Amino acid sequence: MKFLVFSDSHGSTHTMLRAVDLHKNTIDGVLFLGDGLYDLISLRTARPDLAVRGVRGNCDAPTFSQAGYETLDCFTIDQIKIMMCHGHLYSVKYGTQRLLHAARAHGADIALFGHTHHALNQYMPPKDDSMTKGIYLCNPGAAKDGCYGILECGSFGISFQTADIYPTISSI
């Protein structure tokens with residue numbers, strides 16, 4: 001399955017709309033990692049057939065929990081356990097150790113997070129012989145800056161890459 005992953009849109013719905021349009025025939029849905037739930041609602045309104053799942057960030061109103069948006073979401077797709085959070089509750093701006101610990105506690109194969117506005121795609125191997133698997137820590141970067149992630153998961157495993165809706169301009 002293939003998902004676009006967004007975080008930290010902060011009012012930039014156009015980034016998500018453009019990325020969805022670029023990938024519209026190849027994605028199964030969108031995963032949103034917080035700080036812009038109003039933008040996610042706008043995306044849902046504009047693309048009502050699109051499967052969307054999201055979590056609340058530190059800049060999203062607590063009342064979003066009444067609409068089903070919590071600060072943590074764990075689920076399984078094709079036998080791959082995904083943990084989604086914004087990252088602020090794990091102090092990710094100061095390192096990923098708390099996030100990694102939480103992901104291990106939840107039995108996650110991959111932890112998707114935002115908050116830092118910086119993309120990250122890092123595999124953390126098992127810390128000792130008692131652990132059977134490592135964990136991917138993935139941040140798509142800030143949608144407000146044009147960044148997003150592409151997550152593919154299935155029987156082949158996990159693939160995560162970052163993308164940018166803005167073309168690169170080369171100098172001649």
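Contact means heavy atoms within 4.5 Å. The model is predicted: local features need pLDDT of at least 70, side-chain atom pairs count only at pLDDT 80 or more, and totals for chains, interfaces and linings use all residues. Residues are numbered from 1 along each chain as its sequence is written, and side-chain values use heavy atoms, with hydrogens and water left out.

View 1. Strands (E, at least two residues) are DSSP runs, numbered from the N terminus. Phe6 counts as buried because its relative accessibility is 0%; buried means under 20% relative accessible area, exposed over 50%, and partly exposed in between (1.4 Å probe, protein chains only). Apart from neighbours within four places in sequence, the residues in contact with Phe6 include Thr15, Met16, Val30, Phe32, Pro140, Cys147 and Tyr148. From Phe6 to Leu72, the C-alpha to C-alpha distance is 15 Å, with the two residues 66 apart in sequence.

**View 2. Pairing of strands β1 and β9**. Two strands pair if DSSP finds at least two bridges between them. Strand β1 (residues 2–6) runs antiparallel to β9, and four bridges join them. Opposite Phe3 stands Leu151 of β9. Of the eight residues in β9 (residues 147–154), six are buried, leaving this strand mostly covered.

**View 3. The hairpin of β9 and β10**. Two residues lie between the strands of this hairpin. Eight bridges pair β9 with β10 (residues 157–164) in the antiparallel sense. Gly154 has Gly157 in β10 as its bridge partner.
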